[in-house]
Amino acid sequence: MSETRPMSTDTRGRSTTPQASQGPKPRETLPSFLPRMAAANGCGPAQFSIEMGFSIKRVLNLDPWPLERLCQLAGIDAQEMEELVSWAGAGIGGVKTCFRNEVFISRALRNPTVRNCPICLREDPEGSASHTKSMYMRGD
């Protein structure tokens, strides 16, 4: 997952070839994986997405091309991406979402307010040498 790729640069001399993160964590969601990829490359998810040629909105809407591009950039396969998507839930029309092969009302799973346990967030970095290897959203 951390293989070296040919480097290219933007007009400011910054690398446009991303470094792969450590790959998906168990039960990690797609909205968690994208910011970890961005952090591994020293930027936020919005900037990372734009520089890599797609928008966060298209990733979160599960548009096929950005997901394929993210797989390519992260060095993960389609099965790993399916697992990320399965923990995030996929809209199936109206106000319904398919989560782990079950149908739910979208708002029950995709609340626009993200809440985290402050104790868990404090403990994550303590057990890891890198913030990109910890502090991920889990599907539990």
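Begin by selecting Thr97, which stands opposite Phe104 in β3. Strands here are DSSP runs of E with at least two residues, and helices are runs of H or I with at least four, both numbered from the N terminus. The model is predicted, so local features need pLDDT of at least 70 and side-chain atom pairs count only at pLDDT 80 or more, while totals for chains, interfaces and linings use all residues. Residues are numbered from 1 along each chain as its sequence is written, and side-chain values use heavy atoms, with hydrogens and water left out.

Next, select residues 102-105, which form strand β3. Strands β2 and β3 pair in the antiparallel sense over four bridges; two strands count as paired if DSSP finds at least two bridges between them. The hairpin of β2 and β3 has two residues between the strands, and Arg100 in the turn has a positive phi of about 55°.

Now colour strand β2, residues 96-99, by face. Which residues lie on its covered face? They are Thr97 and Phe99, whereas Lys96 and Cys98 lie on the uncovered face.

Move on to strand β1, residues 90-91, which pairs with β2 in the antiparallel sense over two bridges. Select Ala90 to find Cys98 of β2 opposite. Four residues lie between the strands in the hairpin of β1 and β2, where Gly93 takes a positive phi near 105°.

Display the three strands together: they form an open, antiparallel sheet in the order β1-β2-β3. Strands β1 and β3 stand at the edges with a single partner strand each, so one side of each has no neighbour in the sheet.

Finally, show the whole protein, which has seven helices and three strands. Along the sequence, the pattern is α-α-α-α-α-β-β-β-α-α. Of the 140 residues, 31% are buried, meaning under 20% relative accessible area with a 1.4 Å probe and protein chains only. The protein exposes about 8700 Å² by the Shrake-Rupley method with a 1.4 Å probe, and carbon and sulfur atoms supply 53% of this area. Among contacts (heavy atoms within 4.5 Å) between residues at least 6 apart in sequence, 41% join residues at least 24 apart.

How values were computed:
Buried < 20%, exposed > 50% of the residue type's maximum accessible area, 1.4 Å probe, protein only.
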